[in-house]
Amino acid sequence: MAAIKNRRTALERVEKFLSDTYFTDCNLRGRLFGDRCPLASLSYFHTPRRIPYEEAVVQEFGPAQVGEAFGPTWETCWFKVELSIPPAWAGREVHFVWESDGEGMVWRDTQPVQGLTKEGEKTSYILTRSLKESEPHSLTLYVELACNGLFGAGKGSMIAPPDPDRRVTLSKAELVVFNRDVYELLVDLEILLDMAQLLGEENQRSFQALYTANQVVNVCDVTDPSTFPAARDLAAAIFSQRNGESQHTIHAMGHCHIDSAWLWPYEETIRKCARSWVTVVHLMEHNPELTFACSQAQQFEWVRSCYPGLYARIQDLVAKGRFIPVGGTWVEMDGNLPSGESMVRQFLQGQRFFQEQFGRICSEFWLPDTFGYSAQLPQLMRGCGIQRFLTQKLSWNLVNSFPHHTFFWEGIDGSQVLTHFPPGDSYGMHGRVEEMLKTVKNNKDKGRVNHSAFLFGFGDGGGGPTQKMLDRMKRMSNTDGLPRVQISTPDQLFSVLEKESSQLCTWVGELFLELHNGTYTTQAQIKKGNRECERILHDVEVLSSLAVAQDTAFQYPASQLQQLWRLLLLNQFHDVLPGSCIQLVVEDALQYYTEIRRAGAQLQEEAVQALCRDLLQPEACSTRSTLVLNTLSWERTEVISRPGPDGAETLALVTVPSMGYALVQEPFVPPQPVAVRKQDGSITMENGVIAVCLDTTGRLTSLQLLDSGRESVPDGCYANQFALFDDVPLYWDAWDVMDYHLETRKPVTALLKPLEVSLAGGLRGSVRFSLQVGRSSTLTQEIILDAMCPYLRFLTQVEWKEAHKFLKVEFPVQVRSTNATYEIQFGHLQRPTHWNTSWDWARFEVWAHKWLDLSEHGFGVALLNDCKYGASAHRNILSLSLLRAPKSPDSTADIGHHQFTYAVMPHQGSFQEAGVIQQAYNLNFPLHVVPASSPQCPAWSAFSVSSPAIVLDTVKQAEDRPEAVVVRLYEAHGSTVTAWLQTSLPVKEAMLCDLLERPLAQGHLPVEQRGLKLSFTPFRVLSVLLVRSC
Ligand SMILES: [Zn+2]
């Protein structure tokens, strides 16, 4: 009989045949499951801790019922499930069905076997595919149930703070017969229906699919499975009609994006990994074609140490090329805030782990979910053996649509990496027709490339891919009207993209996410912990490396440093360092920083003891003196504070050589002391370099560079002006600050304590004042000017008690420039100060590291900071973002005490000529002051560099090579320069190496009298291996 003519009734007829709501008494869906049988018994116990299986199974289990609720939030229930399969089910496929809103894991014979998560469409554990008489019909399983959902336990909305009293309900636990033939036919019909609906009326293929589906329904008698094969043949006939040669090819890869902590704590992530990965491994056993791309070395390490049995199976699948480690980093870190060295360590720790565990490093950087990507990343990737990059987050841009999905991304030094955004704009696809069509349609590089990635699977503990996703894609592998779909690997995809790459476009500079700009500021204590711990590990590495050279008995603390670095790197995860996590995670993160500070202080003391033992040994007739150590690669002259003869702190002006130390007994006198004068409520301070005039509320009415007499503050303006903004985003509270917050600016002017002199001058002058901020917060600031120092320092304390407010400090400056400069990892970049185009004004709030600068020819003003990242420069106003007060997902975010320092530095010439880069380092890396007993000793320097354009950033022991040191330098001015690296360490051999410390071919460097000759192009990062001669 001919197909009926009404498109709508035909479509809806098929829909109803598949519906799980309507006509289930007589439609196909109603036949998916056959007989059911309750469990023989169900018992449980609950515990607030996450305990191992061995500990769980010996507990006392009490009775439990289906329909009961368990909790509260973050507790764990262990269920003992005894089941008995009815003998009458011989030959049938039998499932253990478990439905609850918690996250479950099935354990069988002491091993985890399957994750059960309703939101991940995983509610069945297959007991047998065809019940045989010989197999045991009675068995005992355990289900470990975490009393939290896939996305934690947000009260009222996903990102709301967790409800501590949430209970999860066990709505189903039983045995059922599963009708595989009904399932297969359902998948056929779903795809035909999707093709009919989505290809649209202008496409003949849509009608072919519709009429085939209609015919399938005609042929299929749901009460008589013998009619199914004929129905399936009809579907197979249309699926096997092939595409032409030019059709787009989709490379599908299983994936499960697991946030290392977010709306749940780190500890729960360990179980999420196990639940998801065991499910993937299980699925692979029955689907030999399935591949799975898996990132984050830290997560592999968690599973290795907590689930050794599962890990052994994963290792086997990695060796077979099916379970594919990707990314090369320790975690999927924030792409903006970690320092250059931190980013190197993300790769170093990650790639070394992958090499050690799986015998190869990753060849793709994988960061689909991070809030923007630093323009230094291409060089760092290439230095770590990676030339390919996969992400997609820029599809979240609020303002501008990014113009490419496949392109070359070029960093600030000119390094390029082949970059791919899956055009379906997701990393959690389900293998549906709609997603395939979106992938092809959305691809912005049509005609340039004809291949794209498609990552399928439920993330965040949803267990990754499902059988159904695979079964859908099998049917769509090559059917006319839909793109070709093949199960593939990242390597296969990038290899074909590389072949097709001749027509690709290039994007130069940062990949800025036009969203989530609040994450540069939210959770200020985490930001501060990151900056401080980066400094601590830097200093410990420098001082320990020098100590090894001075004292052969000293052991470089390699394994402790690795452990501390891994804690710091973990906290750089893309929901922790950005501050977009719940309070439980913040507590863990701050605890890790405390551990790094504690252990770091001890390691530093040990290194200083070994480095300067002779100077520190108490001697009978010794005079008291002070040892000052400098971990930076230039000589510094600064005011330090040291214990005086009577125990009180005294100030001293000292000069310390680069990466070395000096013994100070008689500090030298500055050419000009700091003068502090009070007149009519205002106070002036000057030190011969700069002169400043402050009003009674602590604002700068004048900031002069004395040499040139140049004024920095425009007439009638105030610098160091605090401003409070309303900060209510559209949804993503901790993440977003919206453009309209700028319209709510209120200057902070309520004075609590007027400006007064706190240090009268000499080596240091300072003034102090307090302000009321908002309704109930207070701010106290000490403004400090040191002798010879080119910047004015603002030591700031805030008692912060606001809700949905944003505090900034503003510096209007007398400089005209269309671009401001911001420090990034191992370099800097410029962003416009105007809002000409949508690309310009979308960057109303940006990030920077230690400094930003606004310069015109011959003069500029820089703003330095010791732990802030949010900033902006609009017209001639430089702003530093200080504190936010979002309420989700942590209602206590940022409430409490804060201390931070920023500084303003007017300068002649360019910021490069004026040494802004070095001064920002100085502010962040204070000199170390240690009481000594030795009366004198010559100053000692381990390293120095001949050019101010070159920063020697890192000195560390080489991995696995105790006889070698790695030094890392970068060109910081944006210039081509040749420089000499001098060292007083005994070096017998030197060679260039990559960031993974592998010597470069032709990288041998002659060790000359003047040192090592190094050639740099703009922003080039060089690593040098120095082999000690003793
Ligand atoms: Zn994520």
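# Loops, a zinc ion and aromatic pairs

Q: Between which two strands is the loop where R875 lies?
A: This is a predicted model, in which local features need pLDDT of at least 70 and side-chain atom pairs count only at pLDDT 80 or more, while totals for chains, interfaces and linings use all residues. Residues are numbered from 1 along each chain as its sequence is written, and side-chain values use heavy atoms, leaving out hydrogens and water. Helices (H or I, at least four residues) and strands (E, at least two) are DSSP runs numbered from the N terminus. The loop that holds R875 runs between β43 (870-874) and β44.

Q: Is R875 buried or exposed?
A: Buried means under 20% relative accessible area, exposed means over 50%, and partly exposed lies in between (1.4 Å probe, protein chains only). R875 has a relative accessibility of 54%, so it counts as exposed.

Q: Is D894 buried or exposed?
A: D894 is another residue other than glycine with a positive phi, near 65 degrees. It is found in the loop between β44 and β45. Its relative accessibility is 5%, so D894 counts as buried.

Q: Which residues coordinate the zinc ion?
A: Donors are N, O and S atoms within 2.8 Å of the metal (3.2 Å for Na, K and Ca), and sites may look incomplete because water is not among the atoms. Here the donors stand at 1.9 to 2.1 Å from the zinc ion. They follow the spacing H-x1-D-x109-D-x204-H along the chain. The residues are H257 (NE2), D259 (OD), D369 (OD) and H574 (NE2).

Q: Which residue has a side chain joined to that of R831 by a polar contact of 2.7 Å?
A: R831 is in strand β39 (residues 827-832), and at 1% relative accessibility it counts as buried. Contact means heavy atoms within 4.5 Å, and beyond four places in sequence the contacts of R831 include T818, Y822 and W847. A polar contact is a pair of N or O atoms within 3.5 Å; within protein, one must be able to donate a hydrogen and the other to accept it, and residues adjacent in sequence count only if both atoms are side-chain atoms. The partner of R831 in the 2.7 Å polar contact is E510.

Q: What is the angle between the planes of W330 and F353?
A: Rings of Phe, Tyr and Trp (its six-membered ring) pair if their centres lie within 6.5 Å; planes under 30 degrees apart count as stacked, over 60 as edge-to-face and the rest as tilted. By this rule there are 50 aromatic pairs. W330 and F353 form an edge-to-face pair, 6.0 Å centre to centre, with an angle between the planes of 85 degrees.

Q: How are F365 and F389 paired?
A: Both F365 and F389 are buried. Their rings are 5.2 Å apart centre to centre, with 20 degrees between the planes, and the aromatic pair is stacked.

Q: Over the ring of which residue does the charged end of K393 sit?
A: A charge sits over a ring if NZ of Lys or CZ of Arg is within 6 Å of the ring centre and within 35 degrees of the ring normal. The charged end of R710 sits over the ring of F859, 4.0 Å from its centre. The charged end of K393 is 3.4 Å from the centre of the ring it sits over, that of W396.

Q: How many of the nine residues of helix α20 are buried?
A: Helix α20 spans residues 916-924. Its buried residues include V916, Y921 and N924.
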